[in-house]
Amino acid sequence: QAVGAPTASGVSVPRLGEYFIRRGILNRDQVLAVAERQSRLQRDGSRLQFGQVAYEMGVITRSQLDMALADQRSDFNDRFY
């Protein structure tokens, strides 16, 4: 929840699913399906990250996950450093 949530200054970094949408890797319905699966897993006691759930569902590859995480990290660094 913290990543992608607005800070006190109103600046935010998009959530990981947004990066997959921007790159054309996932559509909004796929992102919602991954988020729903992540929520179900959390209710069952498993705290998995969005990217890990998407990878395990087979909707992204490891290299796609790495690229999206690098984009997110870069945006974070641009906005907060």
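The structure holds four salt bridges, a salt bridge being a side-chain nitrogen of Lys or Arg within 4 Å of a carboxyl oxygen of Asp or Glu. Side chains of opposite charge can pair when their charged atoms come close. The model on display is predicted, so local features need pLDDT of at least 70 and side-chain atom pairs count only at pLDDT 80 or more, while totals for chains, interfaces and linings use all residues. Residues are numbered from 1 along each chain as its sequence is written, and side-chain values use heavy atoms, with hydrogens and water left out.

**First stop: Asp75**

Select Asp75, which is found in helix 4 (residues 62-80). Helices here are DSSP runs of H or I with at least four residues, numbered from the N terminus. Is Asp75 buried or exposed? Its relative accessible area is 17%, and Asp75 is therefore buried; buried means under 20% relative accessible area, exposed over 50%, and partly exposed in between, with a 1.4 Å probe and protein chains only.

Asp75 forms a salt bridge with Arg22, and the closest N and O atoms are 3.9 Å apart. This pair links distant parts of the chain, since Asp75 belongs to helix 4 and Arg22 to helix 1, 53 residues apart.

The side chains of Asp75 and Tyr19 make a polar contact at 2.7 Å. A polar contact is a pair of N or O atoms within 3.5 Å; within protein, one must be able to donate a hydrogen and the other to accept it, and residues adjacent in sequence count only if both atoms are side-chain atoms. Leaving aside neighbours within four places in sequence, Asp75 is in contact (heavy atoms within 4.5 Å) with Val13, Pro14, Tyr19 and Arg22.

**Second stop: two further salt bridges**

Select Arg23 and Asp71, whose side chains meet in a salt bridge (2.9 Å, N to O). Arg23 lies in the loop between helix 1 and helix 2 and Asp71 in helix 4, so the pair ties together parts that are 48 residues apart in sequence. Arg23 is partly exposed, at 38% relative accessible area, and Asp71 is partly exposed too, at 26%.

Next, select Arg62 and Asp66, which are joined by a salt bridge through their side chains (3.2 Å, N to O). What separates these two residues along helix 4? They are four residues apart, and therefore about one helical turn lies between them.

**Third stop: the nonpolar core**

A nonpolar core is a set of buried Ala, Val, Leu, Ile, Met, Phe, Trp, Tyr and Cys residues joined through side-chain atoms within 4.5 Å. Select Leu16, Phe20, Leu26, Phe50 and Ile60: of the 16 residues in the largest nonpolar core, these touch the most other members. Helix 1 (16-22), helix 2 (28-43), helix 3 (50-57) and helix 4 each supply at least two residues of this core.

Centre the view on Phe20. Not counting residues up to four places away in sequence, Phe20 touches several residues, among them Leu26, Phe50 and Ile60.

**Last stop: helix 3**

Select Phe50, Gly51, Val53 and Ala54, the buried residues of helix 3. They cover an arc of only 160 degrees around the axis, which puts them on the same side of helix 3; the arc is that of the directions from the helix axis to the C-beta atoms. What covers these buried residues includes helix 1, helix 2 and helix 4.
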